[in-house]
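Student: Pick one part of this model and look at it closely. Then show me how the rest relates to it.

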Amino acid sequence: MTQELIARALTGDEVAAREIRHLHYPAALRLAYMLLQNLQDAEDATQDAFVYAFEHLGQYDPERAAFGTWFKIIVTSRCRDLQRRRRTRWLSLQELTDRGREPEDKTPGHQPAVALELVGVQQVVWEALKQVPTKSRQALILRYFGGLSYAQMAQALGCPVNTAKSRVVYGHRALARLLEREACIELGYQSCHTGDAP
């Protein structure tokens, strides 16, 4: 019966392809699950195996093996590929850590404490930036996040270049006042000179 379905599937019969999948999916999934010990991974590997099998269905030779056997070889291969990818990512660091030879990353920005501090700083800056008046906020974002030149900013904002520059300058001042005020609140200072409110 499978051979008849294969012949039909090779002609593009989608019903036959679905029937092949229906017949072989349970056994393939069980095999993949046993190999991988993870249902999601097993489902992924099984899906990959079906894609490969249907792409290479013309290469299947019934004289060499039953379709079920051929397909199990494909499933096993897909599971091994998945394990290899996962193992390479996991073992390379895990084995070193287990042996007390965890690789050191001395990059300042990659240290956990520094990274957390940077995230906190970025959050504070972003919250302050949201309070900067709209035109200056847009100018700051285009300049520092968008990387635009003043001429490009002027074009984007529909204003003269000098106006774009002045919006950035005003935005800097407003942002500095807001961040100074935030620092005073964080540090608990009672008498902090923050200048005029933006």
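Tutor: Helices here are DSSP runs of H or I with at least four residues, strands are runs of E with at least two, and both are numbered from the N terminus. The model is predicted, so local features need pLDDT of at least 70 and side-chain atom pairs count only at pLDDT 80 or more, while totals for chains, interfaces and linings use all residues. Residues are numbered from 1 along each chain as its sequence is written, and side-chain values use heavy atoms, leaving out hydrogens and water.

Stay with α1. Leu 5, Ile 6 and Ala 9 are its buried residues. They lie on the same side of α1, because their arc around the axis is only 100°. That arc is taken from the directions from the helix axis to the C-beta atoms. Buried means under 20% relative accessible area, exposed over 50%, and partly exposed in between, with a 1.4 Å probe and protein chains only.

Now the setting. The protein has 8 helices and 0 strands. From the N terminus on, its elements run α-α-α-α-α-α-α-α. Of its 198 residues, 24% count as buried. Take contacts (heavy atoms within 4.5 Å). Among those between residues at least 6 apart in sequence, 47% join residues at least 24 apart.

Next, the cores. A nonpolar core is a set of buried Ala, Val, Leu, Ile, Met, Phe, Trp, Tyr and Cys residues joined through side-chain atoms within 4.5 Å. The largest one has 25 residues, and Phe 67, Trp 70, Phe 71 and Val 75 have the most contacts inside it. Two or more residues each come from α1 (2-10), α2 (14-36), α3 and α4 (67-98). The largest share, 8 residues, is from α2. Another core lies apart from this one; it has 13 residues, including Leu 129, Val 132, Val 168 and Ala 174.

Neighbours within four places in sequence aside, Phe 67 is in contact with Thr 2, Ile 6, Ile 20, His 24, Leu 57 and Tyr 60. Ile 6 is one of the buried residues of α1.

That brings us to the part for the close look: α3, residues 39-55. Helix α3 has 17 residues and spans 24 Å from its first C-alpha to its last, close to the expected 24 Å. The expected span is 1.5 Å times one less than the number of residues. Its N-terminal end is capped by Asn 38, with a side-chain oxygen 3.1 Å from the backbone nitrogen of Gln 40. Polar contacts are pairs of N or O atoms within 3.5 Å; within protein, one must be able to donate a hydrogen and the other to accept it, and residues adjacent in sequence count only if both atoms are side-chain atoms.

Which residues of α3 are buried? They are Asp 41, Ala 42, Ala 45, Thr 46, Ala 49, Phe 50 and Ala 53. Look at two of them.

Thr 46 counts as buried because its relative accessibility is 0%. A polar atom of its side chain lies 2.7 Å from the backbone oxygen of Ala 42. Beyond four places in sequence, Thr 46 is in contact with Tyr 25, Ala 28, Leu 29 and Ala 32.

Ala 45 is buried as well, at 2% relative accessible area. Ala 45 touches Leu 36, Arg 78, Cys 79 and Leu 82, residues up to four places away not counted. Ala 45 and Val 75 are 30 residues apart in sequence, yet 6.7 Å apart in space, C-alpha to C-alpha.

Cys 79 is buried too, at 0% relative accessible area. Cys 159 also counts as buried, at 13% relative accessibility. The structure holds 0 disulfides (cysteine sulfur pairs within 2.5 Å).

Ser 136 sits in α6, residues 134-145. Ser 136 counts as buried, at 4% relative accessibility. Ser 136 touches Arg 167, Tyr 170 and Gly 171, not counting residues up to four places away in sequence. Trp 126 belongs to α5, residues 112-129. Trp 126 is partly exposed, at 39% relative accessible area. Trp 126 and Leu 175 are 49 residues apart in sequence and 9.8 Å apart in space, C-alpha to C-alpha.
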